[in-house]
Amino acid sequence: MATYLDTKRPGPRPRATRTNPHTQLDQNAPAALQEKVFALARGLPGVVVGASHVSVPGARAFHLPSCAHPVAGGFMLEREFAHLHPARDGSLHMSLPPAIVDAVIDNGWAERHPLAGKHGLPTNIVMVFGPRDADELEVVVALVEASHAAACQTDA
């Protein structure tokens, strides 16, 4: 199974804006793959889908409102650990476990958000590029799962 730690994303990085709204400009995910990411993320334990606290209108955010013990840097804002951008973009923003951020970026799956570490936001917020095929879908979903798993301390 391909993972974000041992597999490089094929081809050049997508172009993205350097400011807010942080948007993927090319190599966008097909709508059907975006919907698969959405369905899998929404089905994770405790996830409530709603509007994003930090993204553009139309973004679908993944919240963990029942998290009583948030991990430092586990959420972008409030209990939002990730969001999927509208179909014209198809990328995601998420808080990743700090220990994997550099490897994920080095392997071409993500880039750091331009506001990461600024204005009180965590340093580990990244844009994960939308999946272009089934193999990339597997990796992107694994990243969403890693973000979800690291957001809330369950044994506190």
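Analyst: Happy to; here is how some labels follow from the values. This is a predicted model, where local features need pLDDT of at least 70, side-chain atom pairs count only at pLDDT 80 or more, and totals for chains, interfaces and linings use all residues. Residues are numbered from 1 along each chain as its sequence is written, and side-chain values use heavy atoms, with hydrogens and water left out.

User: Thanks! Why is His-63 called buried?

Analyst: Buried means under 20% relative accessible area, exposed over 50%, and partly exposed in between (1.4 Å probe, protein chains only). His-63 has 10% relative accessibility, so His-63 counts as buried. You will find His-63 in strand 2 (residues 60-63); strands (E, at least two residues) and helices (H or I, at least four) are DSSP runs, numbered from the N terminus.

User: What does the side chain of His-63 reach?

Analyst: The backbone oxygen of Ala-51, at 2.9 Å. Contact means heavy atoms within 4.5 Å, and, leaving aside neighbours within four places in sequence, the contacts of His-63 include Val-48, Arg-79 and Phe-81.

User: And why is Ala-87 called exposed?

Analyst: Its relative accessible area is 53%, so Ala-87 is exposed. Ala-87 lies in the loop between strand 3 and strand 4.

User: Which residues of helix 2 are buried, and what puts them on the same side?

Analyst: In helix 2 (residues 98-106), the buried ones are Ile-100, Val-101, Val-104 and Ile-105. They cover an arc of only 135° around the axis, which puts them on the same side of helix 2; the arc is that of the directions from the helix axis to the C-beta atoms. On the other side, Ala-99 and Asp-106 are exposed. The buried residues of helix 2 pack against strand 5 (110-112), strand 6 (125-128) and helix 3 (134-151).

User: What makes a set of residues a nonpolar core?

Analyst: The residues must be buried Ala, Val, Leu, Ile, Met, Phe, Trp, Tyr or Cys, joined through side-chain atoms within 4.5 Å. In the largest such core, with 35 residues, Tyr-4, Phe-81, Met-94 and Leu-143 touch the most other members. Helix 3 gives the largest share of this core, nine residues. Leaving aside neighbours within four places in sequence, Met-94 is in contact with Phe-81 and Leu-143, among others. In soluble globular proteins, nonpolar side chains tend to be buried together.

How values were computed:
A polar contact is a pair of N or O atoms within 3.5 Å; within protein, one must be able to donate a hydrogen and the other to accept it, and residues adjacent in sequence count only if both atoms are side-chain atoms.
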